[in-house]
Amino acid sequence: MTIFGLDEGTVRDLASAVRPAWNEALSAAAPRSSLADSARDDAECRTDEHPDDRADGLADERVDGRADRTADDRADLTADDRADVAANNPADIFARAAWSTIAEPGDGMAGLVVGCLGAAGALRSVIDRWAPDRLALAVRERAGGDVDDGDADEFRRSVEQALQRWAPRLKSRDVILCLRQAGRVGARLLLPGDRLWPEGVNDLGAHAPLGLWWRGVPEAFEALPQSVSLVGARAATGYGEHVAMEASAGLVDRGYAIVSGAAYGIDGMAHRAALASQGITVAFLAGGVDRFYPSGHDALLGRIAESGAVISELPCGAAPTKWRFLQRNRLIAAASRATVVLEAGWRSGSLNTAGHAAALGRPLGAVPGPVTSPTSAGCHRLIREYDAVCVTNALEMAELLGEDPGGRGGSGTPGGHGGRGDADPAGGRVRGVPGERAAGRTSDQIRVLDALSSRSPRSIADVGRRAGLATNAVLGALGALELEGAARERETGWLRG
């Protein structure tokens, strides 16, 4: 019996390495042989060779994302244990890990397909190379009102483009390597429906992560419902770092967890102050959790993992890119109850996080700075043009969450006051809030530019695989980048300009 072309025992071992808690629940619910029984009910996935010998496909066997259990088996489990068993079929764990390597963060079509067909079923449709018409029909039948019936042809084209950008990344070896690397560094894979899953990210809809890789302690996830994200410029001034330190320590003293992105400047200071105050802090990364980025914060991120959590939706081995940083920001905004921008220039990337918070209806605050300081121009812009609340200390930041100024009220609800953002579901862009795209580039152009090298020419196919885009999207982006001088074509491929 094999699952995705791998021996059942191998799949079990890979899954248990990143989900150690599920083994006990499964063994309590049914004997080991029942896994093979549960893998007979679904459709097949084909390749000709074993994935350890070949890197271009996932393979062929019947898989099932559900764990079949008898009534007597289930009777011995608690409700939470039954939920764990349902969410922890090894084939489904493997499929979720595979999707983290196939789809780029924020891929709404991947979220829609997985939501409709299940992780294993969606992966099977890609492996079996379903025609766009067949996959579009299957998704529309299961999605109901979630898919607009107005333009079936446009939806079919979107499905076709998605299949084209996923196919080059369909490599079982990548999935196996990321799972093994995760096991080596002690990383875990959190799935939707898990008890620790941060409910706030579900507000992202189809653009929510399909899974979260993490290192740390479970208590960090339990603290997220009472957390504040503190973000700001990398090139922070002494004023900005002082404000970040005071804000982070003050919020920790009031019982809040601190969420940020572990970047230099404001992010790093917010994390350090939370740790110094013996609070919980969570860092969201734009690359794999096996190699901390930036490298200068390796020790800091190690300390965060000891008492908090380091989280990413990208698999181990994935490198950070500009596009992934922008998508990472949506998780920072969604996972916390409020976002505060402490110091930001006119085009700072932290304004992107503010935009996502506004689009999600999260409370948004900004700290003013000297009117002569360009590093506070973004904060002033948020206050003046985008309805951010002016906050100057931890108490005022806590008020964003509904806390009574006289003490820790805790009666506030997520949502509340937010900026005038308008989410663009297709690309995660937020209209009306600055800082999303450098030089007016589209998301495709940013991803293609990230995929280009300044020294080694790369082919169209290679750029598409690295960027996670279909060929026609890559060609369009390269044409625009060439016109502005950001990319150039050579006989052997394309280079960054």
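Reply: Buried means under 20% relative accessible area, exposed over 50%, and partly exposed in between (1.4 Å probe, protein chains only). This is a predicted model, in which local features need pLDDT of at least 70 and side-chain atom pairs count only at pLDDT 80 or more, while totals for chains, interfaces and linings use all residues. Residues are numbered from 1 along each chain as its sequence is written, and side-chain values use heavy atoms, with hydrogens and water left out.

Me: Is R466 buried, exposed or partly exposed?
Reply: R466 pairs with D462 in a salt bridge at 3.2 Å, N to O. Both residues belong to helix α21 (residues 460–467), 4 residues apart, or about one turn of the helix. With a relative accessibility of 37%, R466 is partly exposed.

Me: How many salt bridges does the structure hold?
Reply: A salt bridge requires a side-chain nitrogen of Lys or Arg within 4 Å of a carboxyl oxygen of Asp or Glu. By this criterion the count is 12.

Me: Which helix contains R324?
Reply: R324 meets E104 in a salt bridge of 2.7 Å, N to O, and both residues are buried. E104 sits in the loop between α6 (90–102) and α7 (108–117), 220 residues from its partner. Helices are DSSP runs (H or I, at least four residues) numbered from the N terminus. R324 lies in helix α16.

Me: Which residue forms a salt bridge with R156?
Reply: R156 is partly exposed, at 24% relative accessible area. The closest N and O atoms of the pair are 2.6 Å apart, and the partner is D133.

Key: Helix = DSSP H or I, 4+ residues; strand = E, 2+ residues; numbered from the N terminus.
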